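Here's a quick report on one chain model. Have a look at it first, then read on.

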Amino acid sequence: MKRILLGFLLTTLSITASLAQCMLYPVSLTDRAKTATAIVEGEVINSQSFWDKNHSNIYTLHKILPTKVFDWNFGGAVPPAFYMVTEGGRVGNDMQHVTASLDLDVGNVGIFFCQASNVLVESEQIDPFMYKFEAYAGP
C-alpha cells in the first residue's frame, strides 16, 4: 500500500511540475516586432524597486537611456530616457523574486521590445511624465 501511495504521489508531483513549465512558450522575433509598441536599443542607467499602489507587489523600475530607436509608435519625439518595469525586487527587508522574468542590472545594454505598462507606482523619486514600459515576451 505504501508503494502505491508513494508512486501516486511522485506521479502527481512530476505532472504538476511539468504543467507549470508549460505556461511559457516561445514568441518569434517577428511576432515580438509586430506586437511591440516600441523597439529601442538602450542601456540601463539606474534601477529602483518600489511597492505598487496596493502594497501587494514589488516592481523594479529600470531607467533606460536609448541609444538607437528601431520603432516608436507614440506621439512626439523619443524621450531622452524611459522606464522599463519588471516584476520583483527588494524594498528594505522585503523581497519578491519572480522567475521567468526580465532580469536587468545597471550597465546592461539590450534591445527592448516594449509595451505600455499599467503598473501604478507612487513615489516622489519617479518622474510621472516619463514613459513606463514592460517587456513584450521577455526575457
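## Ground rules

This is a predicted model, so to speak: local features need pLDDT of at least 70, side-chain atom pairs count only at pLDDT 80 or more, and totals for chains, interfaces and linings use all residues. Residues are numbered from 1 along each chain as its sequence is written, and side-chain values use heavy atoms, with hydrogens and water left out.

## Nonpolar cores

The largest nonpolar core is made of 11 residues, including V40, I64, W72, F82 and F133. A core here is a set of buried Ala, Val, Leu, Ile, Met, Phe, Trp, Tyr and Cys residues joined through side-chain atoms within 4.5 Å; buried means under 20% relative accessible area, exposed over 50%, partly exposed in between (1.4 Å probe, protein chains only). Two or more residues each come from β1 (38–51), β2, β3 and β6 (109–116), and β1 gives the most, with 3. Strands are DSSP runs (E, at least two residues; helices are H or I, at least four), numbered from the N terminus.

Leaving aside neighbours within four places in sequence, F82 is in contact (heavy atoms within 4.5 Å) with V40, H62, I64 and C114, among others. A second, separate core of 8 residues includes L61, Y83, V85 and V119.

## The histidine in β2

H62 lies in strand β2 and counts as buried because its relative accessibility is 3%. Its side chain makes a polar contact with the side chain of S47 (2.6 Å). A polar contact is a pair of N or O atoms within 3.5 Å; within protein, one must be able to donate a hydrogen and the other to accept it, and residues adjacent in sequence count only if both atoms are side-chain atoms.
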